[in-house]
Amino acid sequence: MENKIKDAGTAKLEIDGKVTELPIYAGSVGPNGIDVRALYKHTGHFTFDPGYTSTCSTESQITYIDGGKGTLLYRGYPIEQLAENSTFLETAYLLMNGELPDKQQSEAFVDTITNHTMIHEQVERFFHGFRRDAHPMAMMCGTIGALSAFYHDSSDPQNNEQRDMAMHRLIAKLPTIAARAYKYSIGQPFVYPDNSLSYSANFLKMCFAVPAEPYEVNPVIADAMDKIFILHADHEQNASTSTVRLAGSSGANPYACIAAGIACLWGPSHGGANEACLNMLKEIGTVDRIPEYIARAKDKKDPFRLMGFGHRVYKNYDPRARVMQKTTHAVLAELGIKDSAVLDIAMELEKIALNDPYFVEKKLYPNVDFYSGIVLSALGFPTSMFTVLFALARTVGWISQWNEMLEDKTQRIGRPRQIYTGATQRDYVPVSKR
Ligand code: SDX
């Protein structure tokens, strides 16, 4: 990556009468950043920013979010346009390479991915070590990390060819592994990839085909699956992407880094919110119980939060939620699902919350996870698979960000500091004197 940060003046910091000047940098769009890398050296002070609410961890040219306007750009292209016009593999190419592929590049990329979808036969057997009731995300964490034990020829992050091979293998094999996590959890036989199908159609077939009967992928459903993958592909320096970058900054192999990202994504505050949101909508059960849950979400003493609502960056409607809502209606119509109780509750909950002063003042809007559970459930996935699908799609963003970090020669190992408030030095006391 060519560094393109521009000088934008200096900030003056005065501590005990001593003024320290700190460079200010600008990007192509978005807030400027103050370079504090020399702060400790010049002032003996750290910055303090738990949760990184005002901290840039890196320069990046992949994804831009304007939280105030509710815009999301992948390499400059609005998410709405990509969801409408592109495919997940074309979007993957764009995120990895920075430009949309021409016809020849697109065909070559799709061909490479299609011909790497099978996994090593011993990985197939790897699943049989899990209990049948293992959460599919537990199987994903374990299996993706274990790829480091199989693909030694693509584990060295400092070798460009090995890095490329690892990125293609991960994009190609995630659907196969995700489908196996599902099949294993329901006790059905694994279905091998079918190279005659598109990426998303192949994934649906590996999930829902059974040997006993023919299986035809519904093109409307395959298209919806592809759109959902596009919406989840990348999202700037979110928690799981930052985890992948931090793991990658130590030189860890790509499979271990992606496994770390999957582990972080699993949390209900992050990628686990889609599973938590659908469970919440089912728990609410009927529209007349919505006020009870709204009151709980507003009650500081109650840890309950509206799952699928709020976002660290979006203080406006998450643009992905709008596309997801449209896709939900299209899928329910295609499947002939007229009355979806959870959809009715979600629509009513959204309407009430968006007019409630608490949510309006705190700028809490539906995020990508609010509708995704409803459409994924309609597609036939159990809630335990929702975050697996998120991880499948986000692998493209994770490897793009990981690769960008490795190409950025200014990057160093990530090593935050702290404000220490523990015990100061003291001498050991023998147990006889305690
Ligand atoms: C994803 O970072 C990304 O980009 C993530 C993601 C991606 O693509 O990678 O977009 C995917 O993770 C989407 C978010 C999914 N999570 C949820 O839907 C879980 C519910 N949402 C919240 O837990 C929360 O909104 C977060 C975790 C998403 C954001 O938390 P922040 O930025 O730390 O905000 P906060 O907790 O400081 O909340 C600010 C205020 C607080 O009230 P006060 O302390 O100011 O009085 O808003 C309140 C919160 O109590 N609040 C909520 C709320 N979310 C925030 N109150 C009720 N319900 C909620 N959902």
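Rings of Phe, Tyr and Trp (its six-membered ring) pair if their centres lie within 6.5 Å; planes under 30 degrees apart count as stacked, over 60 as edge-to-face and the rest as tilted. Keep that rule for the first stops.

This is a predicted model, where local features need pLDDT of at least 70, side-chain atom pairs count only at pLDDT 80 or more, and totals for chains, interfaces and linings use all residues. Residues are numbered from 1 along each chain as its sequence is written, and side-chain values use heavy atoms, with hydrogens and water left out.

**Aromatic rings**

Select Phe88, Tyr182, Tyr199, Phe203, Phe208, Phe229 and Phe381: one aromatic cluster. The ring rule gives 18 aromatic pairs. Next, pick Tyr151 and Tyr255. Their ring centres are 6.1 Å apart and the planes meet at 40°, so this pair is tilted. Both Tyr151 and Tyr255 are buried (under 20% relative accessible area, 1.4 Å probe, protein chains only).

**Charge over ring**

Here CZ of Arg must be within 6 Å of the ring centre and within 35 degrees of the ring normal. Show Arg132: it lies over the face of Tyr184, 3.9 Å from the ring centre. Then show Arg322, over the face of Tyr317 at 4.1 Å from the ring centre.

**The ligand**

Now display polar contacts (N or O pairs within 3.5 Å):
- Leu306: a polar backbone atom sits 2.8 Å from a ligand nitrogen.
- Arg320: a side-chain N or O atom is 2.7 Å from a ligand oxygen.
- Arg394: a polar side-chain atom lies 2.8 Å from a ligand oxygen.

Conventions. A polar contact is a pair of N or O atoms within 3.5 Å; within protein, one must be able to donate a hydrogen and the other to accept it, and residues adjacent in sequence count only if both atoms are side-chain atoms. Buried means under 20% relative accessible area, exposed over 50%, partly exposed in between (1.4 Å probe, protein chains only).
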